Amino acid sequence: MVRYPARARGDGLIAPPGNDGGGAAMPPDSSAPAPLIVTAQLPQWLQSRADQLRSEHFPPERNQLNAHVTLFHALPPSLESELRDALAQEAKAAPPLARLDGLMNLGRGTALRLESAAMLVLRERLADRFYGLLTPQDMAVPRLHITIQNKVSPHRARALQVELAGAIEPRPFAFTGLALHRYRGGPWEFVKQWSFRG
């Protein structure tokens, strides 16, 4: 199983399909332009815990990615150069403060709910910059989360939420960086990561 580098982790769900690791893998075409995905990187303790939960509860045949927080699901490939500059500029700031805030019901899955006004402000700046080039999904304000289970029955999802209800305690953290990936139908192709420096 191909996974992106440990420092390049950061979620997802329509265009492109399977952005949450829940779609069927297609053979990658490394020569063709590919939609760009932007993720927010997590501190190691949260990354490890989310990876563990995802490994335990995500359908194995669909679990192609490490745990991640998707900020943009499908930006046009033509934006790559400008997007790199924008992410590098944003990373000069202090790490955005956030909070692990329990569980989120995805209907047919489960996620860790995150709250971060600072990360949403950062994302809004990027959305404003690329306004007119965003998909309908990326024009919407996201509910920040880390998917740990998807593509299961609602009953199974609810059972996991009951099981984990007392085990996921609210805890503050700070995002560690931003990362850029290309979507090629299966595991993402890592492009670059920028650590917050402020």
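Arg 184 is buried, at a relative accessible area of 12%, in this predicted model. Its side chain meets that of Glu 189 in a salt bridge, with 2.5 Å from N to O. Both residues belong to a network of salt bridges that also links Glu 80, Arg 84 and Arg 182. Across the whole structure, a search finds seven salt bridges.

**Arg 184 and Glu 189**
- Glu 189, the acidic partner of Arg 184, is partly exposed, with 27% relative accessible area.
- Arg 184 falls in the buried class because its 12% is under the 20% cut-off.

**Glu 80 and Arg 84**
- A salt bridge joins Glu 80 to Arg 84, and their closest N and O atoms are 3.1 Å apart.
- Both residues lie in helix 2 (residues 80–90), four residues apart, so about one helical turn separates them.
- Glu 80 counts as buried, at 15% relative accessibility, whereas Arg 84 counts as partly exposed, at 29%.

**Glu 80 and Arg 182**
- Glu 80 also forms a salt bridge with Arg 182, at 2.9 Å from N to O.
- This pair ties together parts that are 102 residues apart in sequence, because Glu 80 lies in helix 2 and Arg 182 in strand 7 (residues 177–182).

**Exposure within the network**
- Among the network members, Arg 84 is partly exposed at 29% and Glu 189 is partly exposed at 27%.

Conventions. Residues are numbered from 1 along each chain as its sequence is written. This is a predicted model: local features need pLDDT of at least 70, side-chain atom pairs count only at pLDDT 80 or more; totals for chains, interfaces and linings use all residues. Side-chain values use heavy atoms; hydrogens and water are left out. A salt bridge is a side-chain nitrogen of Lys or Arg within 4 Å of a carboxyl oxygen of Asp or Glu. Helices (H or I, at least four residues) and strands (E, at least two) are DSSP runs, numbered from the N terminus. Buried means under 20% relative accessible area, exposed over 50%, partly exposed in between (1.4 Å probe, protein chains only).
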